[in-house]
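Student: I have a model open and would like to know what backs the labels put on it. Can we go through them one at a time?

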Amino acid sequence: MKLKKQVTVCGAAIFCVAVFSLYLMLDRVQHDPTRHQSGGNFPRSQISVLQNRIEQLEQLLEENHEIISHIKDSVLELTAHAEGQPALPQHALNGSWVLPPENRPSFLSVSPQDCQFALGGKGQSPDLQMLAVYSLLPFDNQDGGVWKQGFDITYEPNEWDTEPLQVFVVPHSHNDPGWIKTFDKYYYDQTQHILNSMVLKMQEDPRRRFIWSEISFFSKWWDNISAQKRAAVRRLVGNGQLEMVTGGWVMADEANSHYFAMIDQLIEGHQWLEKNIGVTPRSGWAVDPFGYSSTMPYLLKRSNLTAMLIQRVHYAIKKHFAATQNLEFMWRQTWDPDTSTDILCHMMPFYSYDVPHTCGPDPKICCQFDFKRLPGGRINCPWKVPPRAITDANVAERAQLLLDQYRKKSKLYRSKVLLVPLGDDFRYDKPQEWDAQFLNYQRIFDFLNSRPDLHVQAQFGTLSDYFDALYKKVGIVPGMRPPGFPVLTGDFFSYADREDHYWTGYFTSRPFYKSLDRVLEAHLRGAEILYSLALAHARRAGADGRYPLSDYALLTNARRNLGLFQHHDAIAGTAKEAVAVDYGVRLLQSLTNLKRVIINAAHYLVLGDKDTYRHDPAAPFLGMDETRSSQDSLPERTVVKLGTSPRFLVVFNPLEQERLSVVPVLVDSPHVRVLSEEGQPLPSQLSAVWNSATDAVPNVYQVWGAPHPQPICASLPSCTLPGHSGSRALSLPHNTRSHSRQTSGSPCVSLLSSSPAVLSRHLQACFLGRTGLLQSLRPAGEEQAHRVSSEFLVYGTRTSKDKSGAYLFLPDGEAKPYAPKDPPVVRVMEGPLFSEVSSYYQHVQTVVRLYNVPGVEGLSLDVSCLVDIRDHINKELALRFSTDIESDDTFFTDLNGFQIQPRRYQRKLPLQANFYPMPAMAYIQDMQSRLTLLTAQALGVSSLHSGQLEVILDRRLMQDDNRGLGQGLKDNKRTCNRFRLLLERRSTVQDERPISFPSLLSHITSVHQNAEALVMPVALEKPALPALRSFVPLATTLPCDFHILNLRTLQAEDDSLPSAEAALILHRKGFDCSLEAKNLGFNCTTSQGKLALGGLFQGLELGSLQPTSLTLMYPLGTASNSTNIHLDPMEIATFRIRLG
């Protein structure tokens, strides 16, 4: 009773403070010094100011009402708890389960200023908005003559009389780190020879130039060359002959990759370059990714690059941009109110990056200047006119022919500076090709440059040579906007290279590996953070001599394997089968190693007495949560064997927010209870483990507990058999109630109702009895259910010569309903922590789970689909959600988990053109509602009709699609695709600007899904368990729009060992306040982007703090004593820090 009074008094005091705050706000508005009265006569400007003030006042009143409402809810929650609720779950009369309330109320406090961002600022409108460009273009694919996808280009001979044409021919070799051959096979067969010849041949003539981008290959070569050759490379870089472009570990895929991994592979490449060659990349080079995300220009800009180049863009967009001289533009982020994200982008105009399609519009002529194709070689020109070696006798005619192409190409650009790439895949692998290309071109250049009447200066150049000359020509500093160049926002998906051949299949191809990629990514982030913290604490305690510093080599290896998989033929699913296996082996090896790193760090951090720490690789202190028997198998959870003593578990929450998650543990006895670190019972639920639809695994049970780990915390619940010494006599976990449509061989006996429903404190989900498929959702507090029905569909492929393959999606029309041989077995399970409906079809098992817990987990549906289409022939399996949301032709997909891009269903384009990548989420919305599908793996998505969202789950295709792979997709695996389905109310509606943001709840649901809590059992063999205690590294919870992207220990001089410095990478998320509901169940405050890093890490001092560019190559400003930082919404910032 006394506690109840205290709570009431506390609530009343908070209420008074809120009311007084409102009074002060009113007073501030009333006495605003900017308001000048003028005898009652208000000029028009004053009226608009007054209107703004009234609107502000209304907003303040509304926000205050929200705050008071939250306080009231919190007080009621506290009061209810004070009165003493039951300690364990109860089954209510209405069929739902009632959990005890949280002992801490949730609180949402979003600063009004933080809501303004999503409403948009006063930024200038771009000249080119890609969504508008798509609406504008006819996509009619008219024959353009020699430039088939373009038009005839003409010029006047005297156009360059006053300003000569400046031509930079840029030799390059595109090296795929795995595609037809594995990474290692390419290196031994071709890449090492390219780089060895490069050192030799570039030194023969100082006028020669070469560019290189894939650091994965370059670093492997570097490890195998002499000190003399390394010195020669440094000289070539130093004198500008060799340029490292982009500098990432790979040329990353931009559709399926997640921004964590995109940044990580950039950092890995840039750090390698800085340490070994002492160079910082200036220009980006991306000739082969199959479409381009606007995330990459942001990352390059924040890494201090000033320009970039792209190639694989839809041929109709290339033609339109060429016709309007918009192939070079400043690429700006949609949310940017000024120019801080602008980066100069050069788009190549023609079909490909090979020599026939880079010198000018006529490939028949350009091919004659690819001197690797000289008669007698292994490749020739498809246009039947071979190149001719350049001699004194033919140089005039040959040079004039090439100059004509150069002039025509230059007419597509605004400046008189021309870029002409000279290369192709794995070119320059033999000394003879170096001689053929460089000697013949030098003869042409010498002739052109000796003829002033031709008004041309031609030379070999690097990519930055070209951009520097362009900037010099227009007279401005590199990085600034050249006069007259347009500003563009948006992205370049989806890509078609000819006809209706849309490269939208690879958004889903090989989904097993797309999923494994994200599992490895989550483990890498968790391992980086725990390792950095454990190392800092060990050093502070003087125990770093006993800590396994060798784990740093495992981290480096995992970074590089994850980086390698971001390559545009790896995560894309477009490599040969044997190459996919090689990637899989690397991913699994790194996943296993990262689990070891996490176990070692968690072991050290949870020890009460750090002096007792001993690292024993042969007998790890903690067990792994799960194992995988091979690179293409699904994970199997570790079974915890229960005995007379309690089994302790370490639960690692890798997020910067506290979370209430339901975590599963496999045990060997149904008689189990779950206790907190303090010995108090935790809510738990016991269920069977199923071999099939109707057979349970004998003697293995799944116990689900609901611990509440703090941010980035390793906490210590335990499992024990009841009634044994060392544990209190507490009631058993609640068993679940199950029903199944088939009773044969099943422990489930009661039959399903015609329309089963599962219910939680937040949601009611209804299903169709005969299919087990979702039909509707009803959020708590709403009378009306929303139609959200799911169905499986199948796409076929065309019967004509062009069929779907690894890259292309060429369906034979609209999808047809999935029609399995037998009706599904449907199982309904109900329990206190969650209820679920499982449907077992021939090719897909789906589980829809509803968590009955407060907080993020309980506010969305957990949907998993275990897909196996290995007996299909030329089929693609899709999952479609149909709703009553009036979304018309608009839907939204994310780019790299970083930002949202609005999409529009284009009826003038074929069905396959309307699919887009979905690395993290997609949503549809109308004035009242938003339905978001959040995904744990990248897949292709679309909305083909109003109110629909559709995702391709897997594709099995029997033939090649003629893009060089030479194989179909026939190596399908049993793949588990995981989703969350989140239904939110919209309270205010924004205008139709081409920008959108997820809600805070959506952001946090996404990171929960992608960074699951890891459960590691303390090894059974330990006879006398040392004292353990939870490790909580953060002194305060971060604002809920901040995300610790990484805490990455930097390498020492010996690159297998860690230095004393780490990179802290923070991301402040942009979010939409109009979707925030009450009782989100998590403590959330925002701070207008302010964060005090000084006291953030508990038990550690922040020795130094240096803001840097994204990849740590450039310090930003001087290191100051202040540890307070500020981030604008959407920004990612890197800090070089020293913890101790």
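Tutor: The model is predicted. The crossing of α16 and α17 is left-handed. The axes of α16 (residues 551-565) and α17 (residues 577-606) cross at roughly 145° and come within 9 Å.

Student: What makes residues of α16 and α17 count as meeting?

Tutor: Contact requires heavy atoms within 4.5 Å. On that basis residues of α16, including D551, L554 and F565, meet residues of α17, among them Y583, R586 and N600. By class, this contact has nine nonpolar, six polar and three charged residues.

Student: How do you know that C115 and C1073 are joined by a disulfide?

Tutor: The cut-off is 2.5 Å between cysteine sulfur atoms. The S to S distance of C115 and C1073 is 2.0 Å, so the pair is a disulfide under that cut-off. C115 is in helix α3 (residues 112-119), and C1073 is in the loop between β47 (1058-1068) and β48 (1084-1085), 958 residues apart. By the same rule the count comes to three disulfides.

Student: Why is the disulfide of C115 and C1073 called left-handed?

Tutor: The torsion about its S-S bond is about -85°, so the disulfide is left-handed.

Methods
Residues numbered from 1 in each chain as written. Predicted model: local features only at pLDDT ≥ 70, side-chain atom pairs only at ≥ 80, totals over all residues. Heavy atoms only, no water. Axes fitted to C-alpha atoms, helices over the stretch in contact; angles between N-to-C directions. Helix = DSSP H or I, 4+ residues; strand = E, 2+ residues; numbered from the N terminus. Left-handed = near helix turned anticlockwise from the far one by under 90°. Nonpolar A, V, L, I, M, F, W, Y, C, P; charged D, E, K, R; others polar.
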